[in-house]
Each structure stands twice: as structure tokens, then as C-alpha cells.
Amino acid sequence: MDREGWEGGRLLINLAAIAENYAQLSARISPAECGAAVKANAYGLGLQEVGQTLYEAGCRTFFVAHLAEGAALRPLVGGDSRIFVLHGPPPGTANACLTHNLLPVLNSLQQVQEWQALAHAQGRPLAAALQVDSGMSRFGLTEAEVDSLATQPQALAGIEVTLVMSHLACADTPNHPLNRQQLDTFIKLKQRLPAAPASLAASSGIFLGTEWHFDLVRPGAALYGIAPTAGQPNPMHATLRLQARVIQTRHVPTGATVGYGAAFTAQQPTPVALLGIGYGDGFPRRLGQKGFVICPEWPDIKLPIIGRISMDSLAVDLSPLVAAGVALPPAGAVFDLIGPHAPLDDVAHLADTIAYELLTDLGARYHRLHYDPRKG
């Protein structure tokens, strides 16, 4: 059943733009391989649709955070693809990686030992990635743990190391000294481990240069249109348009307040539109009194969000449209909250957050429309 119009807002997701971003990144890092991070439901854009689009675009190596995400992805992509689980197997779940044909990323000696025990029980080597901590102090084997593995020949017996990886902390700030420090540390640590392909760069790391590319890169945010380098023009294609429907319009008299807490007081008679999304849909409450929306037919006119954003609605001042001689929008009309004239990164900046958080917070109540202009 077509549910278009049942929800207060809709997400338009351009699958062709995601494929184009993948092709652009692949060309940039060639001859290295370009993988794809599709964790958190492909950053909120839809694991099934995005995973299949990336597979069709040539991606054969995928990264998820959790075992459950990997199990959900496996039937969506071909058997010739690899799916790495970044957090590794939780205690007692290693066998599930075999069941779903997933490759764990081993981050600790405990995970190494559990995977090794399973390999011994299976009577055959089992493939896995090893992650080392090159300076972020988040996931991965410490330098002391790497030294421990290097000095004990049997410590990795039964484990086929298919990838050695780490993660950069400051890649979106190209001149940060930690980028070079982590590169040097990663090279040093991987040399103490079994010879295997290496991966250090995610989205922003790709743009640091070829030294950071190694054998495999694993972009996420850049695939979905987020700017990879802070303060620089965004080379990626936008993939998302967020629109909200008008529930009703009303005229607020001078001195009347709008919304919870009486945060907005009309200084003159004010035409107001009530739109049908709010923080219950993942649209940031912090954008009350500072964000704006765009009428698609009049893209150069910003309409301020007034008052506090509620769970299911927000209010917009239509005065700029009236001043331009535009008729008030009818119920059911759609306004852009993220789109061609309200880029994702700009909206996130207004909300005092990052595009990653804004994108992954967008809730399940929207009508999601995945489309591919290449396919008509």
C-alpha cells in the first residue's frame, strides 16, 4: 500500500548520487580498493537499498559496527562480498560470524583468543581482521598487545589475518599533527603482525593523500554526501532531501506567543505555518529560533523556524513569503528542511552538531522514497 502523505515528512534518497560518490572515491584511491561503511542502517538512509546500490556499483567489501547489522546485510549483497564487523564478536557469539559468513575485526587479546579457540574447534584456519590502536585510544590492540602477539609465534595460530586496520582521529583536519603520528605508528605496528592488506583511511582520511590509502579505504560519511574536510568545499554529491508537510497555517496577532515556553512573541501580525515533524522525527530541537526552511518554489527565501520545536511539529514564520507577494501555502504543501538550498552540513552546523549525528538521528516516521534517476 502506498503510504505517501500519511506521515508528516518524507525523506528523498538519491541512490544514483550514492553510486556516483562511490565511483568518485574509487577513482581517487585507485589502485587501492574502495570499501563502504554501511553501519547504523547505512547512516540512516536504508541498509537494504544502499547496500544493494553499492554492490551494483562494484563494492565488494562492507563494514558494519555490530554482528546484528552484518547478519542483516549478508542476504542483501552477493556471496562474493566481504562483511567486516568492526566491534568484533561479543563474548560467546563468535560462531554466529561463521553462520552468517561475517569477518570479525579483532580489537583485543580476548577477541583474538576466542576466535582462535573457535578455529581450533573447527579444525581449520578462520579469517579475521586485526585492528590496532594507532593513537585514537578507542578500539584496537595496544602497542604492548601487538608486541605480545609478535613475540609469541602461536598467539595467532589458526587465524588467517586478512586485514590489518586502524582509525584516524583527526582526518577531517588535514594539518593536525596526529594524522602523521598515527600514520607512522600504524606502519610500525603492522610490520610486527603477519603480512596482510592494510587499511587506515575512512572518508576524511582518503583526502589526506595516497600515503594514507594503503590497500583498502572504507568511506562512510562521504558516500552519503557529508563533507569530508572541515572548512573546505564539499566535493561529494548530496544524497538526501528532507521535506515536511504543512498541517495548517494561521495568523498570530501582535503580542501572542508561539509554542512551548512562550519562546517566541509576535512583534507584529505574523502568518505562521505548522509543519508535521519535530524532535520525535530526529529533527534537532536546537534549531528552534535559529533554523529555517525553504519553499521549493521560492528557494532564495529563508523562512525562520520560530518558537520551540515540539515532538511532532514546528512553526515557521511565513512573513518573508508574504513580503514577496506569495500566497500562503495550503495544507499538504511541502517545505525543504534539508535539500539543495539547505545543505546537510549547514543545517548540522546551525544545530551545533555534526552531519553524522543529524543524518543518523533522522527517525523512522518519515515516508522514505528511494529513487534512482538512472533507472527512470
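**Exercise 1. Helix 1**

Solution. The model is a predicted one, in which local features need pLDDT of at least 70 and side-chain atom pairs count only at pLDDT 80 or more, while totals for chains, interfaces and linings use all residues. Residues are numbered from 1 along each chain as its sequence is written, and side-chain values use heavy atoms, with hydrogens and water left out.

Next, consider the span. Helices (H or I, at least four residues) and strands (E, at least two) are DSSP runs, numbered from the N terminus. The expected span of a helix is 1.5 Å times one less than its number of residues. Helix 1 comprises 15 residues (15-29) and should therefore span 21 Å; the C-alpha atoms at its ends are 22 Å apart, in agreement.

Finally, consider burial (buried: under 20% relative accessible area; exposed: over 50%; partly exposed: in between; 1.4 Å probe, protein chains only). The buried residues of helix 1 include Leu-15, Ile-18, Tyr-22, Leu-25 and Ile-29. Among the elements that cover the buried residues of this helix are strand 1 (9-14), helix 3 (47-56) and strand 19 (367-371).

**Exercise 2. Lys-39**

Determine whether Lys-39 is buried, partly exposed or exposed, and list what it touches.

Solution. Lys-39 is in helix 2 (residues 39-43). Its relative accessibility is 28%, so it counts as partly exposed. With contact taken as heavy atoms within 4.5 Å, and residues up to four places away in sequence not counted, Lys-39 touches Phe-63, Val-64, Ala-65, Glu-69 and Leu-86. An unreviewed UniProt entry annotates Lys-39 as "modified residue: N6-(pyridoxal phosphate)lysine"; UniProt positions are given in the numbering used here, feature names are shortened, and annotations may be inferred rather than shown by experiment.

**Exercise 3. Aromatic pairs**

State how many aromatic pairs the whole structure contains, and describe those of Tyr-43 with Tyr-224 and Tyr-356.

Solution. Rings of Phe, Tyr and Trp (its six-membered ring) pair if their centres lie within 6.5 Å; planes under 30 degrees apart count as stacked, over 60 as edge-to-face and the rest as tilted. The search finds four pairs. Tyr-43 and Tyr-224 form a tilted pair, 4.9 Å centre to centre with 40° between the planes. This pair links helix 2 to the loop between strand 10 and strand 11 (240-252), across 181 residues. Tyr-43 and Tyr-224 are both buried.

Tyr-43 and Tyr-356 are also tilted, at 6.4 Å and 45°. Here the partners are 313 residues apart, with Tyr-356 in helix 12 (residues 355-361). Tyr-43 has a relative accessible area of 7%, whereas Tyr-356, at 35%, counts as partly exposed.
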